[in-house]
Amino acid sequence: MSPTRMTGQQRRTQVLAVAEQEFAVAGLHGVSTETIAHRAGITQAYVFRLFGTKKQLFLACVDAAFERMRLALLAAAGDTTGIDALTAMGREYNAMLSDRTTLLLQLQGTAAAAAGDAEVRDAVRGSFGRLWQAVADTARLDPVTVKAFLAFGMLLNTNAALELADVDERWARQARTRIRPGLFTHITRETNQ
């Protein structure tokens, strides 16, 4: 019996999964499409046929990582709003810290944007904007609270990427501290201008 052929969409999904693992570790410039094609069991030409360019494949991977996070946070919040929504989303965010591929892809996308690539910057800005808007629209809280929530999330990404759970030094323990209720009450519109 011959193996079942994949549809174009199935192959695209497979290539994205392989590319996500590669880009999460090595970034946009640290991996070749040849490596991705080989791991996916296809030709490099087929990778280009599916995604156009290596950069477009990278951007698809980064966007997928932000989208996984966005959908997970929305699902966690359910029908709640306010601090209850942020609490549920915070628990989910914390649970997602074990998904290093998603977190590293977000960081790789941000790093490539910070390196001055305007196309990457615009794409990552759009992905981050959709994540921000999902949190803001769901929680229905002031922008400062949303900002504090997402800023702490970015610190959690950094902690996870640096594997600070394995570092037994004072600064690392401090960086790992959990948010306590009321921690951000000192942040007001006036103090955050």
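Here are legends for a handful of close-up views of this predicted model.

Local features are described only where pLDDT is at least 70, and side-chain atom pairs only at pLDDT 80 or more, while totals for chains, interfaces and linings use all residues. Residues are numbered from 1 along each chain as its sequence is written, and side-chain values use heavy atoms, with hydrogens and water left out.

**View 1. F23 and F58 form an aromatic pair.**
The structure holds three aromatic pairs, and here we look at F23 with F58. Rings of Phe, Tyr and Trp (its six-membered ring) pair if their centres lie within 6.5 Å; planes under 30 degrees apart are stacked, over 60 edge-to-face, and the rest tilted. F23 and F58 are edge-to-face, with 5.2 Å centre to centre and 85° between the planes. This pair links distant parts of the chain: F23 sits in helix 1 (residues 8-26) and F58 in helix 4 (residues 54-77), 35 residues apart. (Buried means under 20% relative accessible area, exposed over 50%, and partly exposed in between, with a 1.4 Å probe and protein chains only.)

**View 2. F128 and W132 pair up within helix 7.**
F128 and W132 make an edge-to-face pair, 6.1 Å centre to centre with 65° between the planes. Both lie in helix 7 (residues 118-139), four residues apart, or about one turn of the helix. F128 is partly exposed, with a relative accessible area of 27%, and W132 is partly exposed, with 27% as well. Ring pairs also bring in F66, making a cluster of F66, F128 and W132.

**View 3. N159 reaches the backbone of A175.**
N159 is part of helix 8 (residues 143-161) and counts as buried, at 9% relative accessibility. A polar atom of the N159 side chain lies 2.8 Å from the backbone oxygen of A175. Apart from neighbours within four places in sequence, N159 is in contact with L164, A175 and R176. (Contact means heavy atoms within 4.5 Å.)

**View 4. Helix 5 meets helix 8.**
The axes of helix 5 (residues 82-96) and helix 8 come within 11 Å and cross at roughly 10°. (Axes are lines fitted to C-alpha atoms, for helices over the stretch in contact, and angles run from 0 to 180 degrees between N-to-C directions.) The two helices are therefore roughly parallel to each other. (That label covers angles under 35 degrees; over 145 is roughly antiparallel, 65 to 115 roughly perpendicular, and the rest oblique.) Helix 5 brings L86, M89, G90 and Y93, while helix 8 brings T145, F149, G153, M154, L156 and N157.

**View 5. E22 is a buried residue of helix 1.**
The relative accessibility of E22 is 18%. Leaving aside neighbours within four places in sequence, E22 is in contact with G27, V31, T35, I36 and R39.

**View 6. R140 has a positive phi, and so does E163.**
R140 is not a glycine, yet its phi is about 55°. R140 sits in the loop between helix 7 and helix 8 and is exposed, at 65% relative accessibility. E163 is no glycine either, and its phi is about 50°. E163 is found in the loop between helix 8 and helix 9 (170-175), where it is partly exposed, with a relative accessible area of 40%.

Terms used. Polar contact = N/O pair within 3.5 Å; in protein donor to acceptor, adjacent residues only side chain to side chain.
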